[in-house]
Amino acid sequence: MNNSKIIIALDFNDMGTALSFVLQLDPQKCRIKIGKELFTSAGPKMVERFVGMGFDVFLDLKFHDIPNTVARACSAAAELGVWMVNVHATGGRNMMAAAREAIDQYEKKPLLIGVTVLTSLSATELHEIGIQGTPEEAVDRLARLAQSSGLDGVVCSPLETAILRESCGSDFLLVTPGVRPAGSQQNDQTRIMTPEDAIRNGSDFLVIGRPITQADDPAAALESISQSIPSR
Ligand code: C5P
């Protein structure tokens, strides 16, 4: 059984590169995330292939549309056998509930995760699109809405986990990018935390890309990060 808390972001733009990277990994020791870039270039066949190789796949396509369309997209993701899928919480309660209902039709149900506020958005930009209050208040409000709409958890910054753990309780999954092992390059991430601190603050799963994908030995980098994480 896979107990790994690490989801490796496969931020590659073609199947060949993604496949040669994934072949270096043990599907029992990590999970993998396929986002818009790789999915748009390599498509659902690649998802099925990785699922067939035994990987837990997080399909990070952040669905946001009318409830019927999102529900059908979630069904299509469940058909592919993915382990986790996500939708924008700003799509609203009916959209999230439709996604929940669609997924509940499947025996092997992907975890259904919400995106609250994109960390790339500043307070000014949020106000411009009509979201009032501080970004933290918006994150908290949207996480609670996601929870009461039946979602299994949300994606959040490691700096938000402690507060969301408090407001949403211990069973709500918190999936956090913005994680950097001590001493590694920050790249373009600004609000970062070490894997150890992110887990201690309440993260369930860590999304980690470049510290593993660009390592000389990705399996060794994964092992080293895994060893640094407390089991709780
Ligand atoms: O390489 P790095 O570890 O920065 O990759 C992080 C991954 O998490 C990328 O796929 C990125 O798109 C994603 N992500 C993020 N911050 C968010 C949401 C997703 O870095 N707020």
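At what angle do the axes of helix 3 (residues 67-80) and helix 4 (residues 93-103) cross, and within what distance do they come? The legends below, which describe a predicted model, begin with this pair.

**Figure 1. Packing of helix 3 against helix 4 in the predicted model.** The two axes cross at roughly 30 degrees and come within 8 Å. Because angles under 35 degrees count as roughly parallel, helix 3 is described as roughly parallel to helix 4. The crossing of this pair is right-handed. Helix 3 contributes Pro67, Val70, Ala71, Cys74 and Ser75 to the contact, and these residues meet Asn94, Met95, Ala98, Ala99, Ala102 and Ile103 of helix 4. By residue class, the contact of helix 3 with helix 4 comprises nine nonpolar and two polar residues, with no charged residue.

**Figure 2. Packing of helix 6 (residues 135-148) against helix 7 (residues 161-168).** The axes of helix 6 and helix 7 lie 10 Å apart, and the packing angle is about 40 degrees. Helix 6 and helix 7 are therefore oblique to each other. Helix 6 passes helix 7 in a right-handed crossing. On the side of helix 6, the contact involves Val139, Asp140, Ala143, Arg144 and Gln147, which meet Leu164, Ser167 and Cys168 of helix 7. The residues of this contact divide into four nonpolar, two polar and two charged.

**Figure 3. Packing of helix 1 (residues 15-22) against helix 2.** An angle of about 40 degrees separates the directions of helix 1 and helix 2, whose axes are 10 Å apart. That angle makes helix 1 oblique to helix 2. Met15, Ala18, Leu19 and Val22 of helix 1 form the contact with Leu38, Ala42, Met46, Arg49 and Phe50 of helix 2. Eight residues of the contact of helix 1 with helix 2 are nonpolar and one is charged, while none is polar.

**Figure 4. The largest pocket and its lining.** This pocket has a volume of about 940 Å³. Its lining consists of 38 residues, and those nearest the centre of the pocket are Lys33, Lys62, Thr119, Pro177 and Gln189. At least two lining residues come from each of helix 2 (36-52), strand 3 (57-63), strand 8 (205-208) and helix 9 (210-213). The lining of the largest pocket divides into 15 nonpolar, 12 polar and 11 charged residues.

**Figure 5. The second largest pocket and its lining.** The second largest pocket holds about 230 Å³ of space. Residues Asn2, Asn3, Ser4, Lys5 and Ile6 belong to its lining, together with Gln28 and Lys29. Glu223, Ser226, Ile229, Pro230 and Ser231 also line the second largest pocket. Six residues of this lining are polar, three are nonpolar and three are charged.

Terms used
Residues are numbered from 1 along each chain as its sequence is written. This is a predicted model: local features need pLDDT of at least 70, side-chain atom pairs count only at pLDDT 80 or more; totals for chains, interfaces and linings use all residues. Side-chain values use heavy atoms; hydrogens and water are left out. On a 1 Å grid over the protein atoms alone, a cavity is a set of points where a 1.4 Å probe fits but cannot get out, and a pocket is an open set with protein on both sides within 12 Å along at least five of seven lines; lining residues have an atom within 4 Å of a point. Grid points are joined across faces, edges and corners, and a volume is the space filled by probe spheres set on the points. Helices (H or I, at least four residues) and strands (E, at least two) are DSSP runs, numbered from the N terminus. Ala, Val, Leu, Ile, Met, Phe, Trp, Tyr, Cys and Pro count as nonpolar, Asp, Glu, Lys and Arg as charged, and the others, Gly among them, as polar. Axes are lines fitted to C-alpha atoms, for helices over the stretch in contact, and angles run from 0 to 180 degrees between N-to-C directions. Angles under 35 degrees count as roughly parallel, over 145 as roughly antiparallel, 65 to 115 as roughly perpendicular and the rest as oblique. A crossing is left-handed if the near helix is turned anticlockwise from the far one by less than a right angle, and right-handed if clockwise. Contact means heavy atoms within 4.5 Å.
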